[in-house]
Amino acid sequence: MIREAAYKWWQHGFNVVPVKFFEDKKQPLGDWARWHSKRQSEKDFNDLPWGSAEGFGIVTDYPNNEGLFLAVVDYDVKRVSEEAKAKGKELLGKFPITRMEKTATGGIHLVYLSKVKPKAVREFHDSHALELIAGGLLAVMAPSKGYTILNDNEPTILEDAQGIFYQVLGVNDDRAEVNEGVDSSLLEKWLSQIKAKLKVAGEGHQYIYAHCPFHPPDKHPSFAIHKTKYYAVDFHDNQVYNLRQLARALGVELDGVPEGLTCKLGAYRLNLVERDVFLLDFKDQPVFTCKLHALNSEKTKTRLAELTGVDKADVERKVAEFTFKAHVMQNSVRDEQPTILMTSWKPEKRMLMFSMRKLR
Ligand SMILES: [Zn+2]
């Protein structure tokens, strides 16, 4: 019966893993790490140790035939306070109606399918008695030992299970904060510039779906951009981008972005602020800094090659180009040209420096 039930999920395109229970711990049978990224063949399925299985789980970060991810809201009543239990129980009723299962420990599972790949959310277990099982965790399903189906519903398809989870709990969605401090009319303009560069596959209420520009070929569109919160999610590596990071990664020059002097070094870039050079990672976080006059030293170039993984010869060439441009730019400042240097979008760190004065 376990095997037959698991087979139905497998037929929908999900990868499944047999499990055994030791007291209240579930133990996957066999090595299942590869099923995060590779589709199980029918032979793979048949070769699983079903003989000793007491249940099965679904690998939540491998999408089904329609590109949908399994996401399970888990109401857990073990090792949580009475207060959290009461809060979780009340919130449970606010989730969209869907397939409901009882778990071995007396908790409740709400089973959804999500178009946008969700990540696991576990930090509200103690406060709300609720977790989101997703993003690579194994979701144990009925009729595993101790699990029963409580209604006749099929799993409801949600556009963004993670977003709904945050919304019902009334907590912050940290993905929505990545563009903090940028005016929304500017973001809207940037989105249309970026959209023109993507292979858009469709639109939902909240998201634009595209074939992933970073992992071609991408048969199922595995890249989504939120239309009003302006963050992007890559389903392959779970990377969340703000529009500025995305534009840079795609080589799109955004309107209204004064870049200052900048130069790409692999996934990093050099940025000049006054007379200091910063090496920023793709999230705009500085990982190295030196004075402009020290940039062209052997020691610095060796360090840059180590940090970025870029060839030493390439680093030499880029540094020469950067230093040259820096000198040209600093000379031109004498003609009262404003240079505008922007280093970060975080408001507290954002530095808009209108440097009208002479630099030397
Ligand atoms: Zn990708």
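Student: Which residues touch the most other members of the largest nonpolar core?
Tutor: The model is predicted, with local features needing pLDDT of at least 70, side-chain atom pairs counting only at pLDDT 80 or more, and totals for chains, interfaces and linings using all residues. Residues are numbered from 1 along each chain as its sequence is written, and side-chain values use heavy atoms, without hydrogens and water. A nonpolar core is a set of buried (under 20% relative accessible area, 1.4 Å probe, protein chains only) Ala, Val, Leu, Ile, Met, Phe, Trp, Tyr and Cys residues joined through side-chain atoms within 4.5 Å. In the largest one, of 32 residues, those touching the most other members are Trp9, Val16, Trp50, Phe56, Ile58, Leu70 and Met141.

Student: Which element gives the most to this core?
Tutor: Helices (H or I, at least four residues) and strands (E, at least two) are DSSP runs, numbered from the N terminus. Elements giving two or more residues include β1 (16–22), β3 (55–59) and α1 (2–11). The most, five residues, comes from α1.

Student: What share of the residues of the protein chain count as buried?
Tutor: The protein chain holds 10 helices and 21 strands, and its C-alpha atoms fill a box of roughly 80 × 40 × 40 Å along the principal axes. Of its 360 residues, the buried share is 48%.

Student: Among contacts between residues at least 6 apart in sequence, what share joins residues at least 24 apart?
Tutor: A contact means heavy atoms within 4.5 Å. In the protein chain, the share is 62%.

Technical notes
Buried means under 20% relative accessible area, exposed over 50%, partly exposed in between (1.4 Å probe, protein chains only).
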